Amino acid sequence: MFDITPQTLPSRQAASAVNMLCVQHDGYRRGKRQSAVDVQNGAKWVVLLEKVATEKDTDAFTEVFEHFAPRVKGFLMKSGADHALAEECAQDVMVTVWNKAAQFDPARASVATWIFTIARNRRIDMLRRDRRPEPEELTWGPEAEPDQLDVMTLQQESEQLISAIASLPEKQRVMIERAYFGDLTHSEIADETGLPLGTIKSRIRLALERLRHSLS
Amino acid sequence: MITHHLSEKLLMAYSAGTLPEAFNLAVATHLAMCDECRARLASYDAIGGAVLERVEDAAAPMPHEALAATLSRIKAQVPSERIGESGKARQEGWTLPEPLRSYVGGDVQDVKWRNVGGGVRQAVIPTSENATARLLYIPAGKAVPDHGHHGMELTLVLQGAFADDEDCFSRGDIEIADEGTEHQPIAQAGADCICLAVTDAPLKFRGLLPRLAQPFLGI
């Protein structure tokens, strides 16, 4: 009846689920403090990445590239790479994004989070030549198709985490950012009071707890 | 059931990608067995996603030709590369989960053990230099030599169980010991105990003989 292969079925449905839920969500929650725009922003990248995965859509990839490639490059430069190396590695990361788009699971991560993990692994290769041991990827049994509500909740919580971090006092926010850029000195890490964890205030903790809840 | 989990500090450092390789190995192997810590890790990865999203794109613009260059690299790939690794189902029935199994080059029967006295055996797993990883084989009922710690040590149980004065650790449990922790873990009766132990400093054994032996054991 429909010409959809088993491999593409879950992701197609997830993408349309996001589209549908964004409209619903917008309608139900309009006027409340929770911003529907935020939710749509996260969902936008999910939809574009699904197009890359299922249709090899270069227009969709271009949009993803233009938003994320400079951020990946900036991230790598803050981690100690020079312009040329950061640029080359940012291209590597975007090639991986294209190749692995079908493995992206919108019920488990936002697109920004997923691209972060690729960039982080590339950085480990780039700066240290260490291997990066990873646990086996899990498949989710016969119910591999992401649940619509899970997708929407996860994307929404991820957006809220971004605004929670943005609202931190600058000193605390910078500490968290430096931790993820791999830019904390040994003494800063050893100093318990300087630990980024010590600076993760209640709002971030709350956002983390909700994320965990939606992931478990 | 796993009752001893990764600390927030370790999860965040693993997510940020700043741990030495040996510690990454222990964390990743625990994650392979622990869905709870996987979900906790995902929330730390989400912080990384938020940090990435906040990097200003104006700070490090890509040159105009970068997109075209990336697209032509994509088109030039041979098909096998484009498929990438598909998500593997979690394989059951192994004592050593991935990624540990790849480091060892097989399961427990493939480990090249060396006796270190008292029936205890070990096998050092090569990783980058700033920390050490090794497998320990402790016969049921035997004690791991009494030792304190200079730095941080993670001990992940893969088979059997061990207990110290306070706690019992069985398959999947990870013990996090740091400076000042002094204990004498004993392998529980029933099955011989196999652990992955990683440390960022040489262990200091308290008995004379182990101390003399230490330079030769590579620990």
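Strands β5 (residues 153-159) and β10 (residues 193-199) of chain B pair in the antiparallel sense over six bridges; strands are DSSP runs of E of at least two residues, and helices are runs of H or I of at least four, numbered from the N terminus. Two strands count as paired if DSSP finds at least two bridges between them. This is a predicted model, in which local features need pLDDT of at least 70, side-chain atom pairs count only at pLDDT 80 or more, and totals for chains, interfaces and linings use all residues. Residues are numbered from 1 along each chain as its sequence is written, while chains are lettered from A and ligands numbered from 1 in the order in which they are written.

**Around β5(B)**
- Gln159(B) sits opposite Ile194(B) of β10(B).
- β5(B) also runs antiparallel to β8(B) (residues 174-177), joined by four bridges, with Thr155(B) opposite Glu175(B).
- Six of the seven residues of β5(B) are buried (20 or more other C-beta atoms within 10 Å of a residue's own, C-beta atoms being placed from the backbone; 12 or fewer is exposed, in between partly exposed).

**Nonpolar core**
- The largest nonpolar core has 100 residues, and Leu196(B) and Val198(B) are among those with the most contacts inside it; such a core joins buried Ala, Val, Leu, Ile, Met, Phe, Trp, Tyr and Cys residues through C-beta atoms within 7 Å.
- Helix α3(A) (residues 58-78) gives the most to this core, with ten residues.

**Between the chains**
- In all, 60 residues of chain A are in contact with 49 residues of chain B (C-beta atoms, placed from the backbone, within 7 Å).

Notes: Contact = placed C-beta atoms within 7 Å.
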